[in-house]
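Subject: Structure handover

Dear colleague,

Please find the structure below.

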Amino acid sequence: MSSRYLLNMTIRARNRFNIIFLIISIVILLSNITLFSYHFFTGKLVIPEFESSGFFLFRYEFWSVIASIFTINLYVTTAAYLIWRTFEKTQATEVLFFLLFLAALLLNSTRLYVPIFGLNGSYSSNLISLGNLSLTARFLAPISLFALSAFSDEDYRQQTEQICLITILVSVFFAIYIPLNTSIIKENLCVSYGFSKAIQVFSIITSIISTITLFFHNKQHDFSQINTLGFFMIIIGYNHLFTCYTFAQYIAGLGLLSSGTAIYFTKLHQHYLWTD
């Protein structure tokens with residue numbers, strides 16, 4: 001009786017967090033649309049200049065970066081709403097880890113403020129803050145997906161909140177202590193930072209381990225490996241949108257992230273329909 005009551009409390013707490021996160025994502029989406037539109041139509045938008053040559057789909061395009069950021073914003077809001085409506089009454093611990101992943105995407109979208117407020121090449125504290133937020137997103141996204149693949153069993157259900165907190169603290173810790181170079185803005189509007197190759201390798205290795213972990217988890221529980229495929233597509237898709245500065249990257253990222261999410265959550269929902 002007590003364990004059942006505790007489970008219901010956990011579900012209600014998760015749903016409240018989901019609703020709060022959904023409201024925040026809607027506010028940020030609408031605010032970004034308003035701010036960007038105002039600065040664009042008033043001529044106050046500062047567009048960084050980068051070398052652009054070659055075929056249209058594979059050369060640098062500022063508007064592909066903007067499209068990727070607004071796609072991330074819209075994806076976060078849509079995914080948060082669908083999670084709330086679809087998994088409202090389920091015990092799915094994967095949902096909380098995925099909301100953490102969505103929070104990372106939301107943090108990544110703050111690079112939109114670089115052209116809005118003309119921060120390119122400045123040394124302001126605002127640019128340092130944006131750099132730290134982007135770096136936090138670079139760590140939080142892969143780590144939260146690893147947590148999803150490794151700690152979604154019933155054995156970890158009571159420790160989910162603690163695992164989420166540790167994931168956040170680790171991501172913030174590394175983001176704060178990695179040096180930033182605010183004089184350089186990358187093509188994707190991200191502040192340049194140190195150890196970029198090491199961070200990229202960390203993200204790749206973590207993503208591979210996460211996918212392998214989920215593969216064996218699904219195999220152990222006789223769960224469809226199509227779910228693993230969708231999970232892997234999400235990883236490839238969000239990385240494309242994070243680093244996007246060409247329309248080829250944007251199209252690939254949009255297709256992989258949206259279709260991967262549809263596949264993953266369709267299979268996850270079918271699983272909990274049978275188990276709940």
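Predicted model: local features only at pLDDT ≥ 70, side-chain atom pairs only at ≥ 80, totals over all residues.

Residues are numbered from 1 along each chain as its sequence is written, and side-chain values use heavy atoms, without hydrogens or water.

A pocket here is an open set of points on a 1 Å grid where a 1.4 Å probe fits, with protein on both sides within 12 Å along at least five of seven lines; lining residues have an atom within 4 Å of a point. The largest pocket holds about 600 Å³ of space. Its lining has 25 residues, with Arg138, Tyr193, Gln200, Asn239 and Thr243 nearest the centre. Helices H7 (196-220) and H8 (226-243) each give two or more residues to this lining, and H7 gives the most, eight. Helices are DSSP runs (H or I, at least four residues).

The second largest pocket has a volume of about 320 Å³. Of its 21 lining residues, Glu94, Ser152, Asp153, His271 and Tyr272 are closest to the centre. H9 supplies the largest share of that lining, five residues.

Tyr177 belongs to helix H6 (residues 160-177).

Regards

Notes:
Points joined across faces, edges and corners; volume = space filled by probe spheres on them.
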